[in-house]
Amino acid sequence: MFERAERGDCALILHPVFRTTGADVLDEFRELALSAGAEISGIITAPRDKPDARYFVGSGKIEELAGLVEQTGASLILVSQSLSAIQERNIEKICQCRVLDRATLILDIFAQRAQSYEGKLQVELAQLRHISTRLVRGWSHLERQKGGIGLRGPGETQLETDRRLIGTRIRQLNARLEKVSRQREQSRRQRVRSRAPLVTLVGYTNAGKSTLFNTLTGSSVGTQDRLFATLDPTVRRMLDMHCGEVLAADTVGFVSDLPHELIAAFRATLQEAREADLLLHVIDSSDPYHQERQHDVETVLESIGADKIPVIRVFNKIDRSGQKLTLHRDKRGRPSSLSVSALTGEGVVQLREAISDMLASGRINRWVELQGCDARLRAQLFELGVVSEERIAENGSWMLHIDMPVETAERLARKYPGNSLKLEGLNPS
Ligand SMILES: Nc1nc2c(ncn2[C@@H]2O[C@H](COP(=O)(O)OP(=O)(O)OP(=O)(O)O)[C@@H](O)[C@H]2O)c(=O)[nH]1
Ligand SMILES: [Mg+2]
């Protein structure tokens, strides 16, 4: 048995290093620990060829760690890799100190930050899913502890209960989330009906998404120099757009090896990314690891099915990185990447133009003619809210004025092969 310190989680970091482990992993993990509110009182690195089944690292390192716990009075050990439940428990036993791995730490940060009803439900769901995979004998020694990193939210009380109770709660949360997501769906439909295109900002945590969002929309959503400052998506109208009304959405940041429970739980929130007409992938150009991180974000986008949406890469923080103002175009002449400083506003005019360019090239806004055999397609177009006017032509066919992203039209064309939706412009007779 061991007691937890009353306040301030004084933590030691255990950092196992493999040959493939990048130098950024420890830096980022330290950031994560600080973002969770921990005070770091020591770091032990442990070079390894492969993980040890019992402790992940060698028993010598664990002895060393136990000594340091005693010496520093640390109340928490943070491990920069993913541990199995057994490894976690074994280290806890030897060091007489609570042990958290990377996934649990990230879940805890989310639990601290969640503000909205939906966000809280999503985090609780992710935590319960995580816990339910780690119910092993030996948790009882943690029962008396209260609060602190990794124990906020449902963690501790649920640990004492059995899988059945957790299962019930998970079903309850799923049902509530479904209800919230139906409401979200309604507002999305309204948005589609108003036909204002949606531009969603995505990117690695701390890249400057919220700062750029504020600059583009004149809002003041919270921005902070810490990881996962934003959890809840916000949608606002963009200012100074000459191509009509455009909406922008700020979203939760990504991080490498995001626990999959979190991706699953935040699926509804990430919907804002999946249903965007255009993504702005915000990249911190002053971050030495931005290339790897850019790649990680693209992997997540792919996994949530948002990789087919047109994207502009926005290299942010050029005031810090010293990068020059640049704009690149793809083979079709559409803007593919540019550099800005969300803080000083440099490059933002160009970004607005690029967004207008991109939205104009990616939309179908014209009359189409549908025959009697297209009744289902017609119903679907109305369902999507993309029809602004309908007339009956002299030959009896339907003339519909539609406004929708090219991608939607392509999707419909695949879904209704052989339809008479002609993509050439038509004028109503
Ligand atoms: N120097 C500089 N700092 C910036 C710029 N844009 C954002 N920042 C700073 O970077 C930090 C993170 O900015 P946020 O806008 O909160 O980043 P975010 O991507 O929304 O982060 P999460 O919501 O945590 O994922 C803040 O301290 C900002 O002030 C920029 O163009 N230049
Ligand atoms: Mg943010």
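The following dialogue examines how several structural terms apply to one predicted model.

Tutor: The model is predicted, and local features need pLDDT of at least 70, side-chain atom pairs count only at pLDDT 80 or more, while totals for chains, interfaces and linings use all residues. Residues are numbered from 1 along each chain as its sequence is written, and chains are lettered from A and ligands numbered from 1 in the order in which they are written.

Student: How many helices and strands does the protein chain have?

Tutor: The protein chain has 15 helices and 14 strands. Both are DSSP runs numbered from the N terminus, helices being H or I of at least four residues and strands E of at least two.

Student: What makes S5 and S8 a pair of strands?

Tutor: Two strands pair if DSSP finds at least two bridges between them. Strand S5 (residues 198-203) and strand S8 (residues 278-284) share 5 bridges in the parallel sense, so by that definition they pair. Within this pairing, Thr200 stands opposite Leu279 in S8.

Student: Why are S6 and S10 said to stand at the edges of their sheet?

Tutor: The open sheet of 7 strands has the order S6-S7-S5-S8-S9-S11-S10, with mixed pairing. Strand S6 (234-237) and strand S10 (327-329) each have a single partner strand, so one side of each lacks a neighbour in the sheet. On average, neighbouring strands of this sheet are turned by 20° against each other, direction ignored.

Student: Which helices pack on this sheet or lie across its strands?

Tutor: Helix H8 (residues 209-217) packs on the sheet and touches S5, S6, strand S7 (247-250), S8 and strand S9 (311-316). Contact is assigned if the C-beta atoms of two residues, placed from the backbone, lie within 7 Å. The direction of H8 makes about 160° with that of S7. Helix H13 (residues 348-361) lies across S5, S8, S9, S10 and strand S11 (335-339), at about 170° to S11. Such angles run from 0 to 180 degrees between N-to-C directions, with axes fitted to C-alpha atoms, for helices over the stretch in contact.

Student: Why are H1 and H4 called oblique to each other?

Tutor: Helix H1 (residues 24-35) and helix H4 (residues 102-113) pack at about 40°, with their axes 9 Å apart. Angles under 35 degrees count as roughly parallel, over 145 as roughly antiparallel, 65 to 115 as roughly perpendicular and the rest as oblique. H1 and H4 are therefore oblique. Their contact is made by Phe29, Leu32, Ala33 and Ser35 of H1 and Arg102, Leu105, Ile106 and Ile109 of H4.

Student: How do you know that Phe56 is buried?

Tutor: A residue is buried if 20 or more other C-beta atoms, placed from the backbone, lie within 10 Å of its own, exposed if 12 or fewer, and partly exposed in between. Phe56 has 26 C-beta neighbours inside 10 Å and therefore counts as buried. Phe56 is in the loop between strand S2 (39-47) and helix H2 (59-72), and its phi is positive, near 75°.

Student: What makes Lys317 buried?

Tutor: Lys317 has 25 C-beta neighbours inside 10 Å, so Lys317 counts as buried. Lys317 is in the loop between S9 and helix H12 (318-321), with a positive phi near 65°.

Student: Why is S13 said to lie largely in the open?

Tutor: Of the 6 residues of strand S13 (residues 387-392), the number buried is 0, so S13 lies largely in the open. S13 runs antiparallel to strand S14 (residues 398-405), joined by 5 bridges. Val387 has Ile402 in S14 as its bridge partner.
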